[in-house]
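The sequence and model come next.

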Amino acid sequence: MKDCSAMDPRIWSKLPPDVMEHILLLLPLKTLLNLRPTCKAFTSLLFSPSFISKHSSSSPFSSFLLLSHPQYPHHFPLYDSQLCSWRNFSPSLHCSSSSTLLSSSGGLFCLSDPSSSSFLVCNLFVKSSRKIEYPIPSLHLGHLTLVTTPVGYNIVLLCSESASNSAFVYDSKVLSWRRFEGFSAVLSDNYHQRGTFFDGGLYFTTPEPFSVVRFDLESGKWERLVGELPNELTFVRLTSDGEGKLYLLGGVGDNGISRSIKLWEMGGEGDWVEMQRLPEMMCRKFVSVCYHNYEHVYCFWHDGMVCVCCYTWPEMLYYSVLRRTWRWLPKCPYLPLKCSCGFKWFSFVPKLYASV
């Protein structure tokens with residue numbers, strides 16, 4: 001009997017391009033990457049404007065939460081937020097063992113490599129990278145945020161040099177740094193806090209008395225938002241969904257002790273509208289693992305979730321905006337029990353066409 005498991009090559013060769021595109025859009029990322037070197041026709045199709053447009057809008061790949069720890073610099077456990085499972089990930093990075101993962105955005109990661117005084121921006125799945133020299137020698141790293149846009153990416157670096165403070169912005173379109181003077185003392189030395197990209201600017205919260213400040217990426221100017229924050233805050237953090245909504249997470253209490261943790265959304269008039277309160281038992285656990293030291297707390301947006309993390313604790317708390325529920329992420333089984341502080345979480349949504 002003739003084996004019918006394989007399709008006649010003559011049939012494959014006559015498939016219309018739009019049918020072939022549809023088939024490729026259904027393939028997992030790993031298979032797509034393996035197809036690239038097989039023939040020129042596949043490579044041409046994968047990078048055609050039509051396929052790029054359809055692929056970017058369909059986004060068929062899983063999204064991941066990536067966990068890093070300084071004791072294991074090139075070992076990154078991944079949590080698949082669609083399959084709800086952990087997996088190991090050890091990418092081949094062309095950087096020294098002293099390199100540190102600092103920021104992620106739009107499928108790209110930014111690492112710092114002090115041994116070569118440079119940053120490395122990379123697309124881990126496509127295995128492409130770009131080495132970017134520090135804007136000044138002997139750089140003392142402060143707040144660093146990687147921001148991706150439809151036309152490229154920016155690295156925003158805030159650092160202190162002796163008596164002056166400077167903001168440096170790297171633009172991938174022109175492959176160069178711009179320097180802006182003076183973010184003054186509006187920010188604390190809490191480098192675990194991450195800048196939040198929203199409406200063309202990077203947003204931060206200040207130490208008490210709490211406020212929100214914005215750094216315009218184009219002009220380099222700083223401004224303090226005039227809207228009043230909620231009362232009796234013990235700490236505040238910001239995040240954005242990337243689609244026009246800015247969220248504020250904060251503890252409510254007195255004398256540095258949080259009695260509750262709430263989530264607000266910025267309204268149309270710049271006011272903050274309460275969305276959700278963390279359930280009491282979850283709040284007690286989170287406050288206890290922080291030891292009321294909220295400098296270790298940071299948050300970010302990932303795939304419909306507001307993720308709340310603590311630098312000293314291996315578990316992550318998250319709020320699903322769609323389901324309106326709070327959950328603890330299952331603990332990572334791949335990190336040894338001896339790991340202490342230094343836990344850093346990142347959002348990782350693989351993008352085949354995220355260019356470095």
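The face of α6 turned away from its buried side carries E280, M281 and R284, which are exposed (over 50% relative accessible area; buried means under 20%, partly exposed in between; 1.4 Å probe, protein chains only). Helices (H or I, at least four residues) and strands (E, at least two) are DSSP runs, numbered from the N terminus.

Buried in α6 are M282, C283, F286, V287, V289 and C290. These buried residues line one face of the helix, because they fall within an arc of 165° seen down the axis of α6; the arc is that of the directions from the helix axis to the C-beta atoms. They pack against β18 (257-266), β20, β21, β22 and β23, where contact means heavy atoms within 4.5 Å. Just after α6, Y291 has a positive phi of about 55°.

## The sheet

An open, antiparallel sheet is formed by 4 strands in the order β20-β21-β22-β23; two strands pair if DSSP finds at least two bridges between them. β20 (297-302) and β23 (325-328) are the edge strands, each pairing on one side only. On average, neighbouring strands of this sheet are turned by 20° against each other, direction ignored. Axes are lines fitted to C-alpha atoms, for helices over the stretch in contact, and angles run from 0 to 180 degrees between N-to-C directions.

Helix α6 (residues 280-290) packs on this sheet and touches β20, β21 (305-310), β22 and β23. Its direction makes about 45° with that of β23. Between β22 (residues 317-320) and β23 the antiparallel pairing runs over 4 bridges, and Y319 has W326 in β23 as its bridge partner.

## Basis

This is a predicted model: local features need pLDDT of at least 70, side-chain atom pairs count only at pLDDT 80 or more, and totals for chains, interfaces and linings use all residues. Residues are numbered from 1 along each chain as its sequence is written, and side-chain values use heavy atoms, with hydrogens and water left out.
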